[in-house]
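Please look over the sequence and the structure below before reading the notes on fold, core, charge pairs and surface.

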Amino acid sequence: MTDSTPHWYDDEAGPMVRLYAMTAGRARPSSEAFELMALVEAASHPADDTPVLSPEQHTILALCGERPRPVADIASDSGLPLGVVRVLLSDLLAAGRIHVNRPVPPAQLPDAHILKEVIDGLRAL
């Protein structure tokens, strides 16, 4: 007697889940807050009415619970593609489970000349 049911796993690799299954078929996050260097931190008091989280979202929360981490590091350390991580992060943000701090845009940074003047002024004191 042979087993005719298809295997959804590989004996060596273990269970495999397609990337689109992790993101419910979505390819883009619902928020534009997830630049590569945006810092993500797990919320200290998550909302009580959050939906059940996937294992990948639990992994992301565990990574962000240690300290704020850039989106690029979360993708690297979780072993998930960046696009998938951004979609999962947008779900976590919508559920109130994370906070995101975007880096300051270069246009809003102080001019290098002004910073040099400040340093020179401090040294003169």
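The briefing below starts with the overall fold and then turns to the core, the salt bridges and a surface patch.

This is a predicted model, in which local features need pLDDT of at least 70 and side-chain atom pairs count only at pLDDT 80 or more, while totals for chains, interfaces and linings use all residues. Residues are numbered from 1 along each chain as its sequence is written, and side-chain values use heavy atoms, with hydrogens and water left out.

**Overall fold**

- The protein chain has 5 helices and 5 strands, where helices (H or I, at least four residues) and strands (E, at least two) are DSSP runs numbered from the N terminus.
- Read from the N terminus, the order of these elements is β-β-α-β-α-β-α-α-β-α.
- Of the contacts in the protein chain with a separation of 6 or more, 77% are between residues 24 or more positions apart, a contact being heavy atoms within 4.5 Å.
- The accessible surface of the protein chain is about 9000 Å², and carbon and sulfur atoms account for 57% of that surface; accessible areas come from the Shrake-Rupley method with a 1.4 Å probe, and for residues only the protein chains shown count as cover.

**Burial and the nonpolar core**

- Of the 125 residues in the protein chain, 27% are buried, with buried meaning under 20% relative accessible area, exposed over 50%, and partly exposed in between (1.4 Å probe, protein chains only).
- The largest nonpolar core holds 18 residues, and those with the most contacts inside it are V40, I60, I74, V85, L89, L92 and I98; such a core is a set of buried Ala, Val, Leu, Ile, Met, Phe, Trp, Tyr and Cys residues joined through side-chain atoms within 4.5 Å.
- Helix 2 (55-66), helix 3 (71-78) and helix 4 (82-94) each contribute at least two residues to this core, and the largest share, 5 residues, is that of helix 4.
- Apart from neighbours within four places in sequence, I74 has contacts with V40, I60, L63, C64, R69 and V85.

**Salt bridges**

- The whole structure contains 4 salt bridges, each defined as a side-chain nitrogen of Lys or Arg within 4 Å of a carboxyl oxygen of Asp or Glu.
- R69 forms a salt bridge with E66 at 3.6 Å, N to O, and R69 also forms one with D77 at 1.9 Å, N to O.
- R69 counts as buried because its relative accessibility is 5%, whereas E66, at 58%, counts as exposed and D77, at 44%, is partly exposed.
- In helix 5, D120 and K116 lie 4 residues apart, about one turn of the helix, and they form a salt bridge whose closest N and O atoms are 3.1 Å apart.
- K116 is partly exposed at 49% relative accessibility, and D120 is partly exposed at 32%.
- Salt bridges that share partners also join E66, R67, R69 and D77 into one network.

**Nonpolar surface patch**

- I114, V118, L122 and L125 make a nonpolar surface patch of about 460 Å²; patches are made of residues with over 30% relative accessible area and no salt bridge, with like charges joined within 9 Å and nonpolar side chains (Val, Leu, Ile, Met, Phe, Trp, Tyr) within 5 Å.
- L122 lies in helix 5 (residues 112-124), and L122 counts as exposed because its relative accessibility is 56%.
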